[in-house]
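Please have the sequence and the picture ready while I talk.

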Amino acid sequence: GARLELRNVISADKSLSPMALWCNEAQERYIIAVSQSRIEEFKKICKRERCLYAIIGHATEKQELVLTDAQFDSRPIDLPSEVLFGKAPKMHRKSFVPAIPKDEFAWGSIA
């Protein structure tokens, strides 16, 4: 799982809603997992390559994705991993086809 902070994501537009910031494909973001023991090495590589980066969270043992938003003091995403990766809750619906009343066809009116 992972715990991430949305407002650590680099964005020029601070007014974006949580959904816009998380989902906007124009942001063209990539994510990479780096071992805590190699963060300094990663930072040096980014500096050398003049590549922006942000540390937005960390991996967890708990199988869930939690996205917090410090600006709104909220959790826009708080999902168990099985919902994301194949064991979505089943939706149960009752359905029926209503009977449609039909008038008798007047065959005598056909010429």
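Let us begin with Glu5, which stands opposite Thr68 in strand 3. Strands here are DSSP runs of E with at least two residues, while helices are runs of H or I with at least four residues, and both are numbered from the N terminus.

Before I go further, a word on what we are looking at. This is a predicted model, in which local features need a pLDDT of at least 70 and side-chain atom pairs count only at pLDDT 80 or more, although totals for chains, interfaces and linings use all residues. Residues are numbered from 1 along each chain as its sequence is written, and side-chain values use heavy atoms, with hydrogens and water left out. As for pLDDT, the predictor's confidence in each residue from 0 to 100, the chain averages 87, and 93% of the residues score at least 70.

Two strands pair if DSSP finds at least two bridges between them, and strands of a sheet pair through backbone hydrogen bonds, either parallel or antiparallel. In this model, 4 strands form an open sheet in the order 2-1-3-4, with mixed pairing. Which strands stand at the edges? They are strand 2 (57–59) and strand 4 (74–80), each with a single partner strand, so one side of each has no neighbour in the sheet.

Taking the pairs in turn, strand 1 and strand 2 run antiparallel and are joined by 3 bridges, with Ala2 opposite Ala59 in strand 2. Strand 1 and strand 3 run parallel, joined by 4 bridges, whereas strand 3 and strand 4 pair in the antiparallel sense over 5 bridges, and there Asp69 stands opposite Ser74 in strand 4.

Let me turn to the interior. A nonpolar core is a set of buried Ala, Val, Leu, Ile, Met, Phe, Trp, Tyr and Cys residues joined through side-chain atoms within 4.5 Å, where buried means under 20% relative accessible area, exposed over 50%, and partly exposed in between, using a 1.4 Å probe and protein chains only. The largest such core has 10 residues in all, including Ala2, Leu4, Ile56 and Leu67, and the elements that give two or more residues to this core are strand 1 (2–5) and strand 3 (64–69). If contact means heavy atoms within 4.5 Å, then Ile56 touches Arg3, Leu4, Glu5, Asn8, Val9 and Ile31, not counting residues up to four places away in sequence.

Finally, two loop residues deserve a look. Most residues other than glycine have a negative phi. Yet Arg50, in the loop between helix 2 and strand 2, has a positive phi near 55°, and Arg50 counts as exposed at 78% relative accessibility. Asp73, in the loop between strand 3 and strand 4, has a positive phi near 50°, and Asp73 counts as exposed at 73%.
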